[in-house]
Amino acid sequence: MRTDRVGHFDTDMIRVLRRVISAILVTLALAPGRMVFGAQESRRVVRPFPEFKAHTVAHLSGGYKVAAVDIDRDGKLDVVGLATHPSSLAWYRNPDWERHVLTSQAKQYIDLAPCDIDGDGRADLAIAHEFGMSRTDSGGLVSWLRCPEEPTREWLMHAIGAEPTSHRIKWADPDGDGRKELINAPIMGRGAKGPLWDAGTKLISYRIPASPATEAWPSSVIDDQLTVIHGIAVVDWDEDGRDDILTASFEGIHLYRSGREGNKIRWQKTRLGSGEQGDPAKCGSSEIAVGKGGDGIGRFLATIEPWHGDKVVVYTPGPEPSSLWQRTVIDATFHEGHALLCADVDADGEDEIIAGYRGKGRSLYIYDCVDPAQVRWRRFPLDEGDMAASGLDVADVNADGRLDIICVGTATSNVKWYENLGPAQPDEVHDHSP
């Protein structure tokens, strides 16, 4: 049984007017699919939220993905930026952000995933390239780039596999043996045609061989039933030392729990949420992230819905273990939502949601939960109007002990990092806003 709830974000205007409208707000019933304000006042102690300062890393025309990783092994996190059209893949040295091209051997990049693949102590890079959403019968190459001893030189490229429309790649350890495997989620199934794209998509795992530059990478299909998989997340769901996988697709949110069956990994598939089901050509869930909640919630899921959608959504566990998770819309003002992560940027022990969109308005926000039920969220603007948010990462860029945010914009053609300056006020305050 699906349960929908609708939450809200607070703005400065709402704070000023809250006493005037509080009598009206308490009469509003929660309605699925609409954004309304919660009826109960939150009296939770809320820590002052951090301030952020934006810094430009680079101009990157058509930027799509970004990652923070120490490329030159100097103890500082550098930034890797990827663009699809025109094709570009480079790393930017921290702190002067000097640009260094990684390779000239590939084009039409779509995703990246850092990992020390060959065990030499240097960060290598898996990439998905030769991407075309309508090229469902060709392309979809997955390769890895070996970091040379001098990382400013060109990186050699080696093949991993190929599946048309390979779109999202992430590293995971599904069998808990300490060795990473690469998870590949193409966006479309082989031979799929728009507007419904109704052909099953192969969710694939690749194992690193003993000699990854010369040997074939063994692969296995985790599932081939979902359509239009746009987002994946890796999490040790059962805290058993084995990584599990979450997917966001036209069919909503699914969890794949990993286990062993003899010498093979077996996967148990569970549907957690249906996403927004309306227009069959634009439905379900588009992005997926896992957050750590508080006050007994334990874990929540964040999504953007529907595909490239207008809503930021929070899911919390249902009333029964077999129930679909409860769905709460916390923002319905996005235009082509595309960037999503969860992280504890205010160091209060609970994760915030970082989400942005690349369509009209081109903005990036942080959402902070203000009640135990995960229904009510404050929205903080991080960048309004100058970040067509497409890809995100969170890391301590300047090594000051606070988590910063890195984002790449498509239409805005930029890469920025947002420095976490810490809270503006030293003391805790009480939030009594409706």
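This is a predicted model: local features need pLDDT of at least 70, side-chain atom pairs count only at pLDDT 80 or more; totals for chains, interfaces and linings use all residues.
**View 1. The cysteines, with zero disulfides anywhere in the structure.** A search of the whole structure turns up zero disulfides, taking a disulfide as a pair of cysteine sulfur atoms within 2.5 Å. Such a link is a covalent bond between the sulfur atoms of two cysteines. Two cysteines to look at here are Cys283 and Cys407. Cys283 counts as buried because its relative accessibility is 5%; Cys407 is buried too, with a relative accessible area of 0%. Buried means under 20% relative accessible area, exposed over 50% and partly exposed in between (1.4 Å probe, protein chains only).

View 2. Residues are numbered from 1 along each chain as its sequence is written, and side-chain values use heavy atoms, with hydrogens and water left out. The protein chain averages a pLDDT of 89, and 87% of the residues score at least 70; pLDDT is the predictor's confidence in each residue, from 0 to 100. Over residues 9–43 the pLDDT is below 50, yet this stretch has 56 contacts in the model beyond near neighbours in sequence. Contact means heavy atoms within 4.5 Å. Residues 427–434 also stay under 50, with 29 contacts beyond four places in sequence.

**View 3. The largest nonpolar core.** A nonpolar core is a set of buried Ala, Val, Leu, Ile, Met, Phe, Trp, Tyr and Cys residues joined through side-chain atoms within 4.5 Å. The largest one has 43 residues, and Val80, Leu89, Leu125 and Leu182 touch the most other members. Strands that each supply at least two of its residues include S4 (63–69), S5 (78–83), S6 (88–93) and S9 (124–129). S9 gives the most, with four residues. Strands here are DSSP runs (E, at least two residues), numbered from the N terminus.

**View 4. Around Leu125, and a second core.** Not counting residues up to four places away in sequence, Leu125 touches Val80, Leu89, Trp144 and Trp155, among others. Elsewhere, a second, separate core of 17 residues includes Phe300, Ile353, Tyr367 and Cys369.

**View 5. A four-stranded open sheet.** The order is S4-S5-S6-S7, with antiparallel pairing. Two strands pair if DSSP finds at least two bridges between them. S4 and S7 (98–101) are the edge strands, each pairing on one side only. S5 and S6 pair over five bridges, and Gly81 has Ala90 in S6 as its bridge partner.
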